[in-house]
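Student: I have a structure open and would like to go through it with you. Could you take my questions as they come?

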Amino acid sequence: MAVHSKHPASAPPGPPVREKTGHLMLRGWCILVLFMALSGTAWVHAFGELTATIITIAGGVLSAVLWITLRPPVQWRRLPWFVVAYVVWATLSLAWSAWPAASALTLLLLWITTLQALFIGSVLTWRELVRAIASALKWTMALSFLFELWVWVFVRAPLMPGFVVETADDPIEYWSRNNLFEWDKRIQGIMGNANLLAPVALLAIIVFGIRLASGAPRRTFLWIWVGLSAFLFLRAGSATAYLTAAAVAVVLVTVLLMRTATKPGERTKYYVGYAVVGVGGLLALWLLRDTIFTALGRSADLTGREGIWEDVLERAAERPWTGWGFATPWVPSDPAFDGWIIDHGQTVMQAHNMWVDVAMQLGIIGVVLLAFLYFAFVWRAWFFAVDRPRWDLRADRPYSPLTLLPTLVGAILLVQGLAESTPLLLWGWLFVVMLGAKIKQSPHVGVGPAEQSAAIERGDAVERDEHAGREPGSEATGTTAGSRPAGRDA
């Protein structure tokens, strides 16, 4: 008879710990929330504004109930305070808003999106978070392709929102233009807008690439997802997204070069090169904008955006410090926006520049708060990517591909925000809040209160310290689980 002791050398190997059904359902809910944010206007086009609003509110209530029930450990002193300040200032603008009804409605969307971002970041580990984002992107990419294919095969005509087949006054009104296999025309996916589909497809390429680099299983299928995302990205034909992809490539190359540095001063040359490429690229873009945008099939004024900026800035100058009141997006049914700026016969719902938009809505104070918010996010995301994970004396831990995600997302949103206001809502705002809060709460992959919470939920034995956010054994090194090198916690 075989006899086993408790010594690790002779103890029989145990089966891997299986996740509890409750945690699997929680992760499934997080995937659905992420999918709702990534798919954006698809819910309005498919079910109408009222139904989409009810689904959004119900989702926020359910996440709030789950958060209260699960009570994941949160270091309250390490909340993203610039996000809190921006949301508070936006809420206060209701007191002087020139469009109080629109402010109240859009503030509800802002609160719910912020709640969902903090909730997901608190209940999922870094690895679970990237897996959940990948799953949500798979649904978004697959449904976008299948939707366009369905329209091409069965409808055989452009499709209006609500699955209505009729001729629109302008092609901008169509949900799908039935262009899937017309290679010289753009497709719009389930969002009904090529400029919304393209950055999400770019994000999908990044996330699937990170999954491949991190050694995820079923690599053949991941390559297929990369190919599908690249197809949708190219077919969306967004000039802004092409420039965004170039910026993402520059950031990625710079981060990878930074990781090769072995001496403290070795990164200086990479920073100089990064600055030269960045400033040179912006200068070339401005001086050669006619040539560049003509080559991309767009006008030099970014398809009429300069005219929109002029109108919005003219209104912003009338209330320079506090703005006219929060409204992201603009509500076209509100008298203040209905017919104010018309493009292709439709009332415009954004300023097509997040900084111009915030200047009009929340004034100079709002712009400053948003700038601090993005500076803090980019600062943390950058060092999260380029620094080795370190919370004790050990300085040779390997880099994780997962740490590339926040800084690449920051590159997407900052460049996209120059020609779109979408980083202020839906997946753009959700990702900034979610990833920024996650870095503060758990600045090392595999370490932090969320990781302990997930282990407890799965039934693992986790040694917990009574002090908030302190890892077992951290007192020996004087380092907490949420610590970062001094001077890098902007």
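This is a predicted model: local features need pLDDT of at least 70, side-chain atom pairs count only at pLDDT 80 or more; totals for chains, interfaces and linings use all residues.

Student: How many residues are in the largest nonpolar core, and which have the most contacts inside it?

Tutor: The largest nonpolar core has 106 residues, and those with the most contacts inside it are Y86, L203, L405, F431 and M434. Helix α13, residues 354–386, supplies the largest share of this core, with 14 residues. Apart from it lies another core, of 15 residues, which includes I308, V312, W324 and M360.

Student: Let me pick L203, then. What does L203 touch?

Tutor: Not counting residues up to four places away in sequence, L203 touches L38, L137, L405, V409, I412, W427 and F431. Both L405 and F431 are also listed among the residues with the most contacts inside the largest core.

Student: Now helix packing. At what angle do the axes of α4 and α15 cross?

Tutor: The axes of helix α4 (residues 81–92) and helix α15 (residues 426–441) cross at roughly 145° and come within 10 Å. On the α4 side the contact is made by W81, V83, Y86 and V87, and on the α15 side by W429, V433 and K440.

Student: And what kinds of residues are in that contact of α4 with α15?

Tutor: The residues of that contact divide into six nonpolar, no polar and one charged.

Student: Switching to charges, how many salt bridges are there?

Tutor: The count comes to two salt bridges. In one of them E128 pairs with R27, with the closest N and O atoms 3.4 Å apart. E128 lies in helix α6 (residues 126–155) and R27 in helix α1 (residues 21–39), so this pair ties together parts that are 101 residues apart in sequence.

Student: Are E128 and R27 buried or exposed?

Tutor: E128 is buried, with a relative accessible area of 4%, and R27 also counts as buried, at 10% relative accessibility.

Student: What about E182, which residue does it form a salt bridge with?

Tutor: E182 forms a salt bridge with K185, and the closest N and O atoms of that pair are 3.0 Å apart. E182 is partly exposed, with a relative accessible area of 27%, and K185 counts as partly exposed as well, at 41% relative accessibility.

Student: Next, where is H352?

Tutor: H352 is found in the loop between β2 (346–347) and α13. Its relative accessibility is 15%, so H352 counts as buried under the 20% cut-off. The side chains of H352 and E420 are joined by a polar contact of 3.3 Å. Leaving aside neighbours within four places in sequence, H352 is in contact with R305, I308, W309, L418, A419, E420 and S421.

Student: I308 came up with the 15-residue core too. What about I341, what is it in contact with?

Tutor: With neighbours within four places in sequence left aside, I341 is in contact with I308, D311, V312, W330, Q346, T347 and V348. Of these, I308 and V312 are among the residues of the 15-residue core. I341 itself is in the loop between α12 (305–316) and β1 (342–343), and at 6% relative accessibility it counts as buried. From C-alpha to C-alpha, I341 and A351 are 9.4 Å apart in space, and they are 10 residues apart in sequence.

Student: Last one: where does R267 lie, and what does R267 touch?

Tutor: R267 lies in the loop between α9 (239–259) and α10 (268–287), and R267 is buried, with a relative accessible area of 15%. Not counting residues up to four places away in sequence, R267 touches M258, A261, V386, D387 and Y399.

Key: Residues are numbered from 1 along each chain as its sequence is written. Side-chain values use heavy atoms; hydrogens and water are left out. A nonpolar core is a set of buried Ala, Val, Leu, Ile, Met, Phe, Trp, Tyr and Cys residues joined through side-chain atoms within 4.5 Å. Buried means under 20% relative accessible area, exposed over 50%, partly exposed in between (1.4 Å probe, protein chains only). Helices (H or I, at least four residues) and strands (E, at least two) are DSSP runs, numbered from the N terminus. Contact means heavy atoms within 4.5 Å. A salt bridge is a side-chain nitrogen of Lys or Arg within 4 Å of a carboxyl oxygen of Asp or Glu. Axes are lines fitted to C-alpha atoms, for helices over the stretch in contact, and angles run from 0 to 180 degrees between N-to-C directions. Ala, Val, Leu, Ile, Met, Phe, Trp, Tyr, Cys and Pro count as nonpolar, Asp, Glu, Lys and Arg as charged, and the others, Gly among them, as polar. A polar contact is a pair of N or O atoms within 3.5 Å; within protein, one must be able to donate a hydrogen and the other to accept it, and residues adjacent in sequence count only if both atoms are side-chain atoms.
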